[in-house]
Structure formats: structure tokens, C-alpha cells
Amino acid sequence: MLLATMANPLIYFSSCTLFLSILIILIKFFNKVWWTPICIQSLMKSQGIRGPSYRFLHGMNFLQWYGPQAQLIITEPELVKQILSNKDRAYPKTKVSSEIKKLLGDGIVLSEGEKWVKLRKLANHAFHGESIKGMVPEMIASLEIMLERWRHRNSKEIDIFVEFKILTSEVISRTSFGSSYLEGQHVFDMLTRMTHIISENNYRAPTFSFIQDSNVAEMNVHQNPEIWGEDALLFKPERFADGVVKATNNNIAAFMPFGLGPRNCAGMNFAITETKLALSMILQRYSFTLSPTYAHCPTEVLTMCPQHGVQVILQPYDHIALKV
Ligand code: HEM
């Protein structure tokens, strides 16, 4: 058999090429996930810098250290669900620093017990179906302001992150304060500056970790290939075409953009209504592509944000029709 294979140079050559390719892929893989981290670790050790040993695989739940503070990271969907449901009230909100209290205020997000129950009732009332229906005209008016601004742009490249920040500020100003983005711009600018200062300080002092930890754990669940499949890291909105059950391989608790349980997002219906209106009004007028100037650099500023914005190129539909 071996002789017969060797007698056919083409088969012999193909087998060797295949074997070499697999070997190169394996070497590259081990270099990336084992050799390079081990080298960095021993280089650091030789300079007296020590830390927890590198491990390639963590498992779904693991312990990590934030200075002397132990952090149990839970990414197993059923356990996440159980903890966030908080049936026995066994999991209180993490204590936060005074800076974060200043930013978030002494309101619903940080309160507990009777005070939270009262505030949550008010929030649920403010965001129930009928109230949100009443806000739709203000949302549409805010979107029209944005689309009008886009119409007068010479360049068709826009930073959609900046645009959506202005849009959501406009919507919240109009629906909650009977005001406008321009009128409240100073307040929005100050809040943005404050958020940045607190986030930057977090690199020096661990005051902000409660938000970072939940972001990390959530990202872990949202990117787990065992739940989402091998393409977990790809942007593929069509994975939801047949519903969340199918997209999550029967683990609906693994999809929690708005959190889960009693402390889930009180503004979820508000945010979803705004998003649906925005998408339908934009997509009626424009198609878009990601600009070559976009650099993928997600970073934590209270929530996950694109550090250098999201530049997209808009193609107005009337322009496309003229070309055809
Ligand atoms: C796409 C937009 C949004 C996303 C992805 C989002 C996500 C979340 C998440 C994950 C939580 C839970 C945080 C935790 O577990 O500690 C939360 C809480 C909350 N969100 Fe949102 N949110 C969004 C928009 C909004 C909006 C527009 C409002 C109000 C107008 C809002 C109001 C709240 C409130 C009040 C809470 C605290 C609820 C409580 O503790 O009882 N959110 N949000």
C-alpha cells in the first residue's frame, strides 16, 4: 500500500503538503496559546514581576483576583439566570464608590429594598406600553432632526456612534424633560466628562469594577461557542432570524442584553422602540458600509464603547436609483 502510494508521485506530494500544512497550523496554534504566554510569563518572572499562572482554558466558572479581592466569574447560563433571579435575595448589589454614586445618583440603579420597589414601580409605569406609544412622535421628531443633518453632509462618512449619542440625548431630553439636546447639551457634556474621569481613575483604583465585572461576564456568555456555535465572534444578526431559542441552542438565558430577573433594564421597551424606529427610518433612506477608516477598538467607559467611534459610509437610495 505504502509502495503503491509512493509510486504515485502526485498522491505522495499531496499527502506531504497536507501533512506539512497541518503541522504548520498546529505549531502556530501552540505558539499563540502556549509558547508566547509562557515566554512572557517567564520574562516577567525574571524581572521579579509575578502573577497567577497562565492557563489556556478556564472552564465556565472561575475565580480571579482583583488585588486582594476574590471575584467569582460565572458564565454558565443557568447559574447566571439563578443569580440574577435572586429569589431569596441572597445577592445584594455590589457596594460602589462615592464617585459612581455621584454619577448614577441615589436612584433606582443603586437602591435596594423598599426604596427600590417604590422606584421600580414608578419606572415600570413610566415605560409601560401605552406610555411608550405616547413617546413615539417625539422619537420620530428626534430622528428627523438627525436625518436632516445627514442630508446636508457633503461627505457621506459619518461617525454613527456620535450620531446615536446625540440622537438618544435628543430623545431622552424630549420624552422625559420636555426639552432638547441643544438645551441640555452642557449637562450631557458634563456627564460624559464625568464618566470618562471615573473610567480613567479605574485604571489606578478599583472603584469601577462592579460594572466591568458584569460586562466581562456578559461578554463571556455572549461569545461562548458552545452556545452560539463556532461563529460566535462574528457579527451575524441573521442568527436571530428563527428566534432566540434557536440562536442560543436552547439556552435563552444566555442572551441578556438587558439583564435578567427583577433588576433587568427598566427602559428595555423604550430602548427597543427607539431602536426599531431609528433602524426603519434610516434603512428606508440609506444603505451603508463600514468605512475603511474604522478601527475596531472596544473599550469600557461605563459600558462597552467603540474607542475611536464607528465610521460608516452612507449611500442614499435616490443616489443608487440614479446610478441604475
Ligand atoms: C440599548 C439600550 C440599553 C441597554 C442595552 C440596557 C441594558 C441594561 C442592563 C443590562 C441593565 C441591568 C444592569 C444590572 O444588572 O445591574 C439595565 C438596567 C437599567 N436600565 Fe437599561 N439599558 C438600555 C437602555 C436604557 C434606557 C433607555 C433606560 C431609561 C430610559 C434604561 C434604564 C435602566 C434602569 C432604570 C435600570 C436599573 C433597573 C433596576 O435596577 O431595577 N436603560 N439596563
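A: Of the 324 residues in the protein chain, 9% count as buried; a residue is buried if 20 or more other C-beta atoms lie within 10 Å of its own, exposed if 12 or fewer, and partly exposed in between, with C-beta atoms placed from the backbone. Please keep in mind that this is a predicted model: local features need pLDDT of at least 70, side-chain atom pairs count only at pLDDT 80 or more, and totals for chains, interfaces and linings use all residues. Residue numbers start from 1 along each chain as its sequence is written.

Now to the core itself. A nonpolar core here is a set of buried Ala, Val, Leu, Ile, Met, Phe, Trp, Tyr and Cys residues joined through C-beta atoms within 7 Å. The largest one has five residues: Met139, Met146, Leu167, Val171 and Ala278. At least two residues of this core come from helix H6 (129–151), and at least two from helix H7 (160–177). Helices are DSSP runs of H or I with at least four residues, strands are E runs of at least two, and both are numbered from the N terminus. In soluble globular proteins, nonpolar side chains tend to be buried together.

Setting aside neighbours within four places in sequence, Val171 is in contact with Glu138, Met139, Ser142 and Glu274, where contact means C-beta atoms, placed from the backbone, within 7 Å.

Stepping back, the protein chain has 13 helices and seven strands. Its radius of gyration, taken over C-alpha atoms, is 25 Å, well over the 20 Å that the globule rule (2.2 Å times the number of residues to the power 0.38) gives for 324 residues, so the chain is more spread out than a compact globule. Along the principal axes, the C-alpha atoms fill a box of roughly 85 × 65 × 40 Å. Among contacts between residues at least 6 apart in sequence, 57% join residues at least 24 apart.

The chain is divided into domain 1 (1–55) and domain 2 (57–277), with bounds from an automatic or database domain assignment. The centres of these two domains, over C-alpha atoms, are 41 Å apart.

Asn86, between helix H3 (77–85) and helix H4 (98–104), has a positive phi of about 50 degrees although it is not a glycine. Asn86 counts as partly exposed because it has 15 C-beta neighbours inside 10 Å. Leu302 lies between strand E5 (298–301) and strand E6 (303–306), and its phi is positive too, about 70 degrees.

Methods
Contact = placed C-beta atoms within 7 Å.
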